[in-house]
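Hi everyone, thanks for coming. Let me put the model on the screen, and then we can walk through it together.

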Amino acid sequence: MSTLSLPNRGRDDRRVALLFLAPALVGFGVFYVYPALLGAWYSMTDWNLLSEPAFVGADNFVTLLHDPLFWNSLKVTGYYVVLTITVQMVGGLFLAALMHRLTRSVVLRSLLVVPWLVPNVTVGLLWMWLLDANLGFFNHLLTGMGLDNQGFLTAPDLAMPSVSMINAWTSTGYTALLLYAGMCLVPKQVYEAAALDGAGELRTFFRVTLPLMRPILAFVLVVSLIGSFQLFDTVAVTTKGGPVNATRVVYYYIYEQAFTHFKMGYASAMALTLVLILGVLTFVQMRMLRASTSDLA
């Protein structure tokens, strides 16, 4: 007697997948999508946090176009972004290359990430003391060498480089770990082939390692760009936007408009404009670096 066997049908796990994704989707909708839509609405209103929002259409955006302080804050932010990302990437690549070629110590990797784990407010307070013009450790070193005291956080030409140095010190170790992880993905056979061709360390690094790390480099650059544009806490603790608007970055200017001058509608318009600017910059970076393709494939 023969047994009739039915063909096995693939299980449809979409409902189970949605069930597991539901908490994350709900959290994303509540904490990201809803505030974003609410901010877009507030950007078209005149709201002082005390009365009901009054719809004003595109007036906030027209005011923004003619606000010299907003454009100055974007220029200051751009200057900070270029300084910080340059130091982070160069320093991160150097540390990652050293770890990859010389040592793979877990202790060293743990120490590199310690500054990134410290809250930025604590880091700002620490460096504000170290860079103090009268009592700071670095100025004691300068005077000990016969040099003049420097107002690292009070001089207009030194304030932003000092803030950039503080945040670069915080993030370079974490950047180095990300880049080190990318270097570990490069097959050893590629390095062996380069060595057989007579390539030295520098040539191997620039001709082999960096091209094969393109997706990782794109990821690190995009994350660093977005994070650098979000500079707020270090400025709030150390310089408060001064001196003479030298460190009044766009995030701090948005904060001032919202919670000092109670112009929440105008602050929302600036925040929405910043989102659009970051979206365009991210798209350009991803296209220029061809982040979706890898030479390892």
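Which helices each supply at least two residues of the nonpolar patch? They are α5 (120-130), α6 (137-144) and α7. Before I go on, some housekeeping: this is a predicted model, where local features need pLDDT of at least 70, side-chain atom pairs count only at pLDDT 80 or more, and totals for chains, interfaces and linings use all residues. Residues are numbered from 1 along each chain as its sequence is written, and side-chain values use heavy atoms, with hydrogens and water left out. Helices here are DSSP runs of H or I, at least four residues, numbered from the N terminus.

Back to that patch. On the surface, Leu-126, Trp-129, Leu-135, Phe-137, Leu-141, Met-145, Leu-147, Met-165 and Trp-169 together have about 930 Å² of accessible area. Met-165 sits in helix α7. A patch takes residues with over 30% relative accessible area and no salt bridge, and joins nonpolar side chains (Val, Leu, Ile, Met, Phe, Trp, Tyr) within 5 Å. Areas are Shrake-Rupley with a 1.4 Å probe, and only the protein chains shown count as cover; a salt bridge is a Lys or Arg side-chain nitrogen within 4 Å of an Asp or Glu carboxyl oxygen.

Now the pockets. A pocket is an open set of points on a 1 Å grid where a 1.4 Å probe fits, with protein on both sides within 12 Å along at least five of seven lines, and lining residues have an atom within 4 Å of a point. The largest pocket holds about 740 Å³, volume being the space filled by probe spheres set on the points. Its lining has 26 residues, with Ala-36, Tyr-251, Ala-271, Leu-272 and Val-275 nearest the centre. Helix α13 gives the most, 10 residues. By class, that lining has 21 nonpolar, 5 polar and no charged residues, with Gly counted as polar.

The second largest pocket holds about 410 Å³. Among its 20 lining residues, Gln-88, Trp-116, Ser-171, Gly-227 and Ser-228 lie nearest the centre. Here α7 gives the most, with 6 residues, and the lining has 7 nonpolar, 12 polar and 1 charged residues.

Last, the record. An unreviewed UniProt entry annotates residues 70-285 as "domain: ABC transmembrane type-1", and such annotations may be inferred rather than shown by experiment. In the model, that stretch is 77% helix and 0% strand. The entry's "transmembrane region" annotation includes 264-284, which is 100% helix, with end C-alpha atoms 30 Å apart.

Note on methods. Patches are made of residues with over 30% relative accessible area and no salt bridge: like charges are joined within 9 Å, nonpolar side chains (Val, Leu, Ile, Met, Phe, Trp, Tyr) within 5 Å.
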